[in-house]
Amino acid sequence: MKRVNEQGNAVVEFIGVAIALLVPIAFVSSAVLTVAQSYLAADVAARAASRAYVTAESEKSAKHAVKVLVRQSLGDLNSLENNFSVQIACRSSPCLESGNYVSVIVTNKVPLNLPKFLGSHSVVVTGKHTSVVDELRSP
């Protein structure tokens with residue numbers, strides 16, 4: 001029986017297997033990092049917005065501050081898409097009453113960076129933060 005020279009075949013097989021494994025891993029890790037970044041952005045935006053709300057002078061200026069800070073926070077962390085929403089919830093009315101709890105919920109729909117043949121995928125991330133209106137707040 002003749003021996004076939006297989007010198008160098010292991011390298012070719014290794015490169016083939018490495019490419020077959022590394023390409024999907026790169027897509028998945030990119031999607032995971034995008035979701036993590038968007039979650040962080042939503043969380044930071046909710047925290048900044050709730051703090052701004054409870055320190056505002058009036059309801060009108062509080063709502064304006066929330067809009068500005070959510071856009072700024074999401075923009076700073078490269079997550080500013082037009083797919084976000086903001087909800088403000090208060091334990092009692094009026095919201096800026098001393099001792100009241102104000103929750104801000106920021107929801108962001110994040111498109112995943114996956115190939116088109118896998119379809120269009122997106123994930124919804126939510127950040128929520130609750131702040132207390134200062135007890136010694138002057139009316």
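The protein exposes about 9,600 Å², and carbon and sulfur atoms supply 59% of that area; accessible areas come from the Shrake-Rupley method with a 1.4 Å probe, and for residues only the protein chains shown count as cover. This is a predicted model, in which local features need pLDDT of at least 70 and side-chain atom pairs count only at pLDDT 80 or more, while totals for chains, interfaces and linings use all residues. Residues are numbered from 1 along each chain as its sequence is written, and side-chain values use heavy atoms, with hydrogens and water left out.

**Burial and contacts**
- Of the 139 residues of the protein, 26% count as buried (under 20% relative accessible area; exposed is over 50%, and partly exposed lies in between, with a 1.4 Å probe and protein chains only).
- Taking contacts (heavy atoms within 4.5 Å) between residues at least 6 apart in sequence, 60% join residues at least 24 apart.

**Secondary structure**
- The protein has 2 helices and 3 strands, both assigned as DSSP runs numbered from the N terminus (helices H or I, at least four residues; strands E, at least two).
- Along the sequence, the pattern is α-α-β-β-β.

**Disulfide**
- Searching the whole structure gives 1 disulfide (a pair of cysteine sulfur atoms within 2.5 Å).
- The disulfide joins C90 and C95, with 1.7 Å between their sulfur atoms.
- The S-S torsion of C90 and C95 is about 100°, so the disulfide is right-handed.
- C90 is partly exposed at a relative accessible area of 26%, whereas C95 is buried at 14%.
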